[in-house]
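Today I am opening the notebook on a new model.

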Amino acid sequence: MSFMTTLSDAWRRNDSLLCVGLDPEPGRLPAGLDGEEGIFTFCRDIVDATAGVVCAFKPQIAHFAAQRAEGALERLIRHIHERHPGIPVILDAKRGDIGSTATHYAAEAFDRYEADAVTLNPYLGRDSIEPFLNRADKGVILLCRTSNPGGADFQAMDCGGRPLYLRVAETIAREWNENGNCALVTGATWPEELGRVREVVGDMPLLVPGIGAQGGDVKAVMAHGGTRDGHGLMISSSRAIIYASAESDFAEVAHRAADDMRKLVNSFREKRLDP
Ligand SMILES: O=c1ccn([C@@H]2O[C@H](COP(=O)(O)O)[C@@H](O)[C@H]2O)c(=O)[nH]1
């Protein structure tokens with residue numbers, strides 16, 4: 001099944017727009033969980049505890065690679081596919097390179113790691129994204145208006161009367177989305193900009209990091225980013241959920257934190273279903 005169909009089914013089945021980010025950090029794992037095996041066990045337990053309340057999982061590749069734990073990432077994604085087959089996996093890798101290298105990045109994300117979608121940097125232009133766009137069943141999630149404080153340095157620059165991030169959104173929605181497999185990253189920390197992106201891209205899914213540890217406002221995200229059918233968003237939180245407890249009850253507490261966030265998001269959800 002394609003990424004877009006799996007995501008759409010997960011939104012409805014779990015009644016959730018929440019994406020849980022998997023960002024294992026040395027020094028923050030509960031006692032007794034060390035090394036590659038500890039990283040796998042920690043993430044697997046979080047996944048098993050939260051799979052019923054999320055629409056996607058988003059492992060961040062650097063958090064594994066920096067610890068020489070790529071094997072744990074491979075096992076974790078395989079585990080999600082085997083145990084929770086209806087939940088798509090977004091590999092947060094933010095790749096972007098010339099076409100010949102991009103081909104290998106696409107193979108890395110989709111063949112090695114078996115991710116359903118990957119985050120990419122569109123800065124190098126269409127040919128750098130083509131190997132990903134051609135995988136029509138896979139999700140191609142492009143940075144548009146990132147959540148970090150420096151996101152505006154380039155993304156807000158004037159580009160012919162419109163900020164660059166809106167040009168990015170327009171180009172991707174009108175020209176790159178021929179296979180219907182594109183989505184955009186728009187940070188929760190800039191809800192008005194998120195709304196301007198929504199106006200340009202229609203119902204295209206938006207991956208929205210920045211709630212929780214980065215302080216993004218869920219109510220504002222929902223006011224500006226929702227679609228007519230009440231879906232269209234993958235609102236992502238990592239640290240606020242996976243480190244909600246540093247004790248042996250971490251998975252149970254992560255479930256509660258995720259379900260609380262799911263309910264908070266849903267409390268602001270407009271269900272303006274088409275007649
Ligand atoms: O604009 C962006 C793009 C990606 N991220 C990633 O999302 C998570 C956020 O983690 P929190 O703990 O929920 O703050 C992290 O993996 C980032 O690399 C982002 O924050 N902003």
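I started with the buried residues of α1, which are F3, M4, T6, L7, A10 and W11. They cover an arc of only 165° around the axis, so they sit on the same side of α1. The arc is that of the directions from the helix axis to the C-beta atoms. Buried here means under 20% relative accessible area, exposed over 50%, and partly exposed in between (1.4 Å probe, protein chains only). Helices (H or I, at least four residues) and strands (E, at least two) are DSSP runs, numbered from the N terminus.

A note on the source: this is a predicted model, where local features need pLDDT of at least 70, side-chain atom pairs count only at pLDDT 80 or more, and totals for chains, interfaces and linings use all residues. Residues are numbered from 1 along each chain as its sequence is written, and side-chain values use heavy atoms, with hydrogens and water left out.

Next I asked what covers that buried side, and the cover includes β3 (90-95), β4 (117-120), β5 (139-145), β8 (182-186) and β10 (233-237).

I then picked out T6, which lies in α1 (residues 3-13) and is buried at a relative accessible area of 8%. Leaving aside neighbours within four places in sequence, T6 is in contact (heavy atoms within 4.5 Å) with M1, P85, G86, I87 and P88.

After α1 I found D15, with a positive phi near 45°.

Stepping back, I counted 12 helices and 10 strands in the protein chain. Buried residues make up 54% of its 275 residues.
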